[in-house]
Amino acid sequence: MFSGEQFYTTVIHEASRLTTWETGVHERSIHLEIAINDLKNISVVVPLIEQSSILQALVRLLDKRDTYTAFHSERVSLITLRLCLALCLPLTRTIITTSMALVHDIGKIGIPDAILLKEGPLNEAEFDEIKQHPIIGTDLLQQLSGLTPLCPGVLHHHERWDGKGYPHGLSGEDIPLEARIIAVCDSIDAMISSRVYRKALSKEHAYDEIKKNRGVMYDPEVVDTFLKYWEYIL
């Protein structure tokens with residue numbers, strides 16, 4: 001999905017779809033223009049694009065271990081792409097953020113099966129171990145040429161706006177924007193997907209939860225944009 005030239009096709013397709021949707025709802029749109037205008041800066045992410053096959057291989061490796069994560073990473077990356085476009089982020093930052101989302105859970109490769117595949121809620125000790133996956137993922141990416149730009153989103157996607165997240169307890173705008181974006185997208189996909197111990201929650205329930213945690217768990221501006229473009233993004 002997000003490899004090589006196919007990524008460009010996906011971005012332009014989604015920007016065009018957003019333009020059509022927004023024009024119908026709000027009578028004007030600048031998203032396609034913003035996405036295309038930043039093509040001149042694409043050299044910034046060429047090394048990342050060239051490593052896209054490695055990203056896909058890492059995600060497939062994780063998918064084989066955990067049936068829940070199968071396609072979760074790709075869904076989160078697509079939702080992230082659409083949210084980045086709605087936020088009017090430049091194309092280069094959109095590519096980086098979307099790639100971060102694709103491998104946001106890659107550190108779960110280092111979590112024991114007894115915890116990762118447990119059928120039911122985790123106890124405190126098990127949850128403490130799960131909370132290491134952003135650090136494990138970051139350590140892995142730092143060892144792969146061209147993938148270090150993805151580390152901030154992977155390391156901090158479980159931080160919370162109120163500072164009660166992990167692994168470093170960052171708060172507010174001290175959390176990288178990319179991680180703040182991924183946090184919302186990851187949470188929504190988790191809620192509307194079935195788990196071993198519960199059925200998928202409704203989109204209406206997810207909408208209410210995200211809105212309720214605006215300024216608590218999530219960046220208020222990111223939430224406002226997601227809710228405004230809810231029908232387009234999901």
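1. A salt bridge is taken here as a side-chain nitrogen of Lys or Arg within 4 Å of a carboxyl oxygen of Asp or Glu. By that criterion the structure holds 12 salt bridges. The model is predicted, so local features need pLDDT of at least 70 and side-chain atom pairs count only at pLDDT 80 or more, while totals for chains, interfaces and linings use all residues. Residues are numbered from 1 along each chain as its sequence is written, and side-chain values use heavy atoms, with hydrogens and water left out.

2. Glu 14 lies in helix H1, residues 4-26 (helices are DSSP runs of H or I, at least four residues, numbered from the N terminus). Glu 14 is buried, at 4% relative accessible area (buried means under 20%, exposed over 50%, partly exposed in between, with a 1.4 Å probe and protein chains only).

3. A salt bridge of 3.4 Å, N to O, joins the side chains of Glu 14 and Arg 17. Arg 17 is partly exposed, at 32%.

4. In helix H12 (residues 203-212), Lys 212 and Glu 209 are 3 residues apart, about one turn, and their side chains meet in a salt bridge of 3.1 Å, N to O. Lys 212 is exposed at 56%, whereas Glu 209 is partly exposed at 23%.

5. Asp 105 and Lys 108 form a salt bridge, with closest N and O atoms 3.5 Å apart. Asp 105 is buried at 3%, and Lys 108 is buried at 13%.

Notes: Helix = DSSP H or I, 4+ residues; strand = E, 2+ residues; numbered from the N terminus.
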